[in-house]
Amino acid sequence: MSLDARIKEKTNTRGPEYTPRTRHLNPDGTAIYTNRLFLEESPYLLQHAHNPVNWYPWGDEAVALAKETNRPLFVSIGYATCHWCHVMEEESFEDVGIAEFLNTHFVPVKVDREERPDIDAIYMGAVQMLTGRGGWPLNVFLTPEGKPFYGGTYFPARDGDRPPHPGFFTVLKGLSEVYENEKGKIDQSAQQLTQALHRLGEGGGGGPLPDRAWVDKAIALFAESYDPSFGGTRGAPKFPSTLPVQLLLRAHLRTGTGTYRHMAEHTLTAMADGGIHDQAGGGFHRYSTDARWLVPHFEKMLYDNALLASAYVEGFLATGNPRFKKVAETTLGYLLREMESPAGGFYSATDADSLTPTGDKEEGYFFTWSKAELDAALPGDAWAPVLDHFSLTGAPHFEGRYIPHIRRSISETAAKHGISDSELEALTDKARELLRAARTARQAPLTDKKIIAAWNGLTISAFARAGRVFGNQEYLAAAERTAGFVLSHLTREARLHRSRLEGLGPFGFLEDHAFVTAGFIDLFEATGEATWLTRALDLQSETDRLFASEEGGYFMTGSDGEALITREKPGTDGAIPSGNSVAAMNLFRLYTLTADTALLKKALGTVSAFIDTGQSPAPYASLISALDFHLAEPQALVLLLPEAPSPTDTEAVSTLAALYAPYAVTAPFREGEHVKSIETHLPALKGKTTQDGAPTLYPCREGTCGLPVSDPAAFGQAVLGNGKK
């Protein structure tokens, strides 16, 4: 079928409600330009389907054309809710003059980084080598063989538009001339850069496993970057701080060093108080553009909110601070209310931009407030304490509008206004409801409804952990719904896939396997359902089969995936933990439960493949967390409940869940036939029974268990009283 026929068929499928996203329209509202991206499902690719740029999706057709015409590939990588991607689209890719030059001298290719993190990772590494920085949109120029020779992130359309950035049109003209006249130099540069990418993708470790002293030194270095004024890491922009916070909390538990707890608690409080936290609707924006957490980049990502919810659950466990519980709950409430699909999976993200009443697109408009809007939503003097508490008085904070954020404690604001803390708490809770209701009348930002396996794995973990710690059955049900979605909608013929929108996306990558495995382990800990442990072990076996490297660790792509110019082994953290770090933690946790030394060997090999004691630990926080877990000699906490439910079951389960025990894996079981079926995986279960028909805890290490404890009041001593590791 010809391209025109395929586009016509897809037009009929999309129906009359379809609205082209372009300023180039015919009088009847149809698009003047339509390219191959119109045939794709990715929301990001569809955003560019009506640019005058003759875009191709990544694939053989674009490569074949580049080789046939001896033109370089121009590969532009982004995602549907990326603000600067939208800016470059409107400035450059909708510009007919730029598009005509691009179409004539290059083969333009669009890639959704969320669907193809393997392509993004390779060319992000190339651009970082070339420029010293990265980000999206990611724009890279390749030889027809896919080897990079030039790249950058955002380019304004023309010189002088946004100094000091060079204009995109100028860049295109210069590269076209160099490619035509000095092809040999470009090929040499591309070959050198590709070789460097090969070395980068191999991992930097291979030495002996670091010891506890090195891990403590690494944690101390993280502490040195702490911002004493505003929490988190010094400087701006400021990204959500989850992994360092968790490392600091665990270091405090082991060492008793009070400054570690203070740094973690201050950071969690400062993020919760800031404009990065959606005070009205719950959840967190992508990052803060300033050092004070005040002015965010307003997009909301599923992975950020899942990771932050887990961090606040851990913060609550470690400190008992009720504020952290509330932040976790409002974040999870936002996900349930606005991001869960009818089938049970969670959507990827919401945009930073939204439409004003006049139809103009503005970043953050949906989440910010004018004085008139505040007066309408919270009228009268009774709301004065709330307006003060949320900093909604005085000079506006962002483009003439207010960003709700908190500058002082509830007690301080209450005292200032002569009311009690509880009265102000009640007022602020009601105000959040009113503000959230008022903004529903606005045009909401775009939601990218693509469902990504890895990010849903993080979400399973967040709901499972919160459900266990807070005793919230709604959260556990959400975790199980999402796990069910992954198994039924993201898995085909036992192979996990990366994403789903109208259909299945590409095969899953390492992070998809690792994060979903972690979610299954967390579900097992929270529910005691043996099926989730079996699922975790099975998926780990698939990970070993498809991704394992003989030199230790795991490749990003499976052995059945597309062959690119290099096969990366991701060890450093980015916006999310590296796939290898989560895989290592999964292996350590599964070994703690099963005492299977093959799992331990793989875990140690994964850590050793990346961590070199001579390197900076900064990019390896999550791998260090996995090693920290192992060095603490973690316990399997086998909690046996009587076959006949007992009145003390709930007390036993909730008491164990309330313990801050990050160096343990919980295995709750009810006695009966199903326990025998799982004993092959859990040798610690063999021969264990409840004591006098009461819930009984067995603390175990490496398959050997200590004395049983049937008094819930003594669980804490049994779990935490074995000395600091």
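**Helix α17**

I began with helix α17 (residues 421–439), which has 19 residues and reaches 27 Å from its first C-alpha to its last, close to the 27 Å expected at 1.5 Å a residue. Helices here are DSSP runs of H or I with at least four residues, strands are runs of E with at least two, and both are numbered from the N terminus. The expected span is 1.5 Å times one less than the number of residues.

I note that this is a predicted model, in which local features need pLDDT of at least 70 and side-chain atom pairs count only at pLDDT 80 or more, while totals for chains, interfaces and linings use all residues. Residues are numbered from 1 along each chain as its sequence is written, and side-chain values use heavy atoms, with hydrogens and water left out.

An α-helix has 3.6 residues a turn, so residues three or four places apart point the same way.

**F463**

I located F463 in helix α18 (residues 453–470). F463 is buried, with a relative accessible area of 0%. Leaving aside neighbours within four places in sequence, I listed its contacts (heavy atoms within 4.5 Å). Among them are L332, L335, L336 and F346, as well as Y475 and L476.

**Cavities**

I then searched the whole structure and found five cavities of 30 Å³ or more. A cavity is a set of points on a 1 Å grid over the protein atoms alone where a 1.4 Å probe fits but cannot get out, and its lining residues have an atom within 4 Å of a point. Grid points are joined across faces, edges and corners, and the volume is the space filled by probe spheres set on the points.

The largest cavity holds about 880 Å³. Its lining has 41 residues, of which R250, E314, R465, D522 and R589 lie nearest the centre. Helix α18 is one of the elements that give two or more residues to this lining.

For the second largest cavity I noted a volume of about 100 Å³. It is lined by 13 residues, with F222, G232, S241, P244 and L248 nearest its centre. At least two lining residues each come from α9 (212–224), α10 and α11 (258–273).

How values were computed:
Buried means under 20% relative accessible area, exposed over 50%, partly exposed in between (1.4 Å probe, protein chains only). On a 1 Å grid over the protein atoms alone, a cavity is a set of points where a 1.4 Å probe fits but cannot get out, and a pocket is an open set with protein on both sides within 12 Å along at least five of seven lines; lining residues have an atom within 4 Å of a point.
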